[in-house]
Amino acid sequence: QSMEEGYQNLCVFFLESGAIFTFGKSKFAENVPSKFWFKNDKPFYISCGDEHTSVVTENGKLYMFGSNNWGQLGLGTKNTVSKPTCVKVLKPEKVKLAACGRNHTLIYTEKGNLYATGGNSEGQLGLGGTEERSAFHLVNYFTSQHKIKQLAAGSYTSAALTEDGQLFMWGDNSEGQIGLGNEANACVPHQVDVGKPVFWISCGYYHSALITCDGELYTFGESDNGKLGLSLEQLKNNRVPQLVSGIPRRVNKVACGGGHTVALAGGEVFTFGLGQYGQLGLGTFIFETSEPKMVDHLGKQKICNIASGENHTALITENGLMYTFGDGRHGKLGLGKEKYTNQFVPTLCSNFLRFTVHLAACGGCHMLVFATPRPKKSDNIHELEENEHSLSVKVTEMGGDADTFQQTFSARVRRREKEKSPEQCSRLVRTLPPLGKTSLKLASSDISSTLPLGRTDSNKESESIMDHETGKLYFIYMYSLAYNLSFKITTALKKMIYDCFSHL
């Protein structure tokens, strides 16, 4: 009876405050898609690094978890932490902001103090040297006059934006990603001036973007693959901020990923850069673009928030729906236990149809989402489900002919060919995700029972494959076997397998 009451109490807390859902290699719950929530508190801000995560709550508490090889969790050790852990030494100051880089973390408190911890090989902690730290250290550069409203962090870079529009950056400048021209790096904050107050800042892996208060977008840093969205002439000065002219309206948010950039303007999304995993959301034939292009396939939905990871992207609509696209490995797109493939157009996360999504953060191989149960009277859930079904049909119809399927598969083969080994191949074949229809309902059991690649019982998997009454799955299984073992498949066999696959 006490266990029953305890469970009911937990459900009450969840219904009142919502939960944070984890997908991909988050280090939480052994990387199985799961969720957690806070008693008498709510998430206010979430940031994902390459393999670690920070959560700031409304009560000013900072929770950290994930990889900790460089001390980026700020807990005084370098041990990996698999559950959200409160940084107790910061409790008296109350944390307002946090930003996770590849291997470091920045936080800002209500007292006006900026702290940094983790890797520091390029001076990204802003402490004046290059010694890494496993606990949060005060960045002395900022005084009480610098009231910070936004933090950002990249691979080995850091940025702080003040309420009056001053932008400060520090760390690695090998590609010009902190906008300081020909300087190699900066171990203390330096102001980056574009002649106008700055409204927004984002740091990618090796490039950065800012938005001025009048809605102009500037990019700088590594210029490969078109991720700066600049002309050839502008790329000559890529080490200082350059104006992106390809977006026809005011930009109000920007998110830099590993090799791509996502901009939000007037409820519409524009992407540019590298898109071989689908992270641009522009379809299967656009693997790279240096010109900002508007993302379609969203119907009449207006987007209010964006997030970018290394190779994936998340969009949140005004009515709390979420779309994801890009690299689907590890299940980090949040599309359910059957969808670990790359998504080349925005795909509605149907698991969240009965929830309102408020926050999303994308990292290297994971994604975190804060969502609350959707009020029954606020939206017609049946209409949302019908729209989701309609979208799925349209996406399926876009699949094209057998040649499209072959090109996509051959690209994946080329990407993974270098990683192949007999042991890896046998593991991949054993852990093919099961096929079937994804449930539109998000129940506790649906989330917690979802298995990522590498954790499926091979015997049960084999039985489920043999139990199907048609021979279609046999062809798909054989295709996957040959694909993972790098066997040569004839065009005729590819077409035959594709024909079988397309009718499922």
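Reader: Is F287 buried, partly exposed or exposed?
Author: F287 counts as partly exposed, at 33% relative accessibility. Buried means under 20% relative accessible area, exposed over 50%, and partly exposed in between, using a 1.4 Å probe and protein chains only.

Reader: What kind of model is this, and how are residues numbered?
Author: It's a predicted model, where local features need pLDDT of at least 70 and side-chain atom pairs count only at pLDDT 80 or more, while totals for chains, interfaces and linings use all residues. Residues are numbered from 1 along each chain as its sequence is written, and side-chain values use heavy atoms, with hydrogens and water left out.

Reader: OK, rings. How many aromatic pairs does the structure hold?
Author: There are 15 aromatic pairs. Rings of Phe, Tyr and Trp (its six-membered ring) pair if their centres lie within 6.5 Å; planes under 30 degrees apart count as stacked, over 60 as edge-to-face, and the rest as tilted. One of the pairs is Y141 with F168, edge-to-face, with 5.8 Å centre to centre and 65 degrees between the planes.

Reader: Where do Y141 and F168 sit in the chain?
Author: Y141 is in the loop between β10 and β11 (148-153), and F168 is in strand β13 (residues 167-172), 27 residues apart, so the pair links distant parts of the chain. Strands here are DSSP runs of E, at least two residues, numbered from the N terminus. Y141 is partly exposed at 38% relative accessibility, whereas F168 is buried, with a relative accessible area of 2%.

Reader: And which ring does F287 pair with?
Author: F287 pairs with F344 in a tilted arrangement, 6.1 Å centre to centre and 50 degrees between the planes. F287 lies in the loop between β21 (268-274) and β22 (288-294), and F344 lies in strand β26 (residues 343-348), 57 residues apart. F344 is buried, with a relative accessible area of 9%.

Reader: Which residues form one aromatic cluster?
Author: F28, F36, F38, Y63 and F65 do.

Reader: Switching to sheets. What's the order in the open sheet of 4 strands?
Author: The order is β7-β8-β9-β10, with antiparallel pairing; two strands pair if DSSP finds at least two bridges between them. The edge strands, β7 (95-100) and β10 (133-138), each pair on one side only.

Reader: How many bridges join β9 to β10?
Author: 3 bridges join β9 (residues 114-118) to β10, and the two run antiparallel. In β10, R133 is the bridge partner of G118.

Reader: Last one: how much of the protein is buried?
Author: Of its 504 residues, 52% count as buried.
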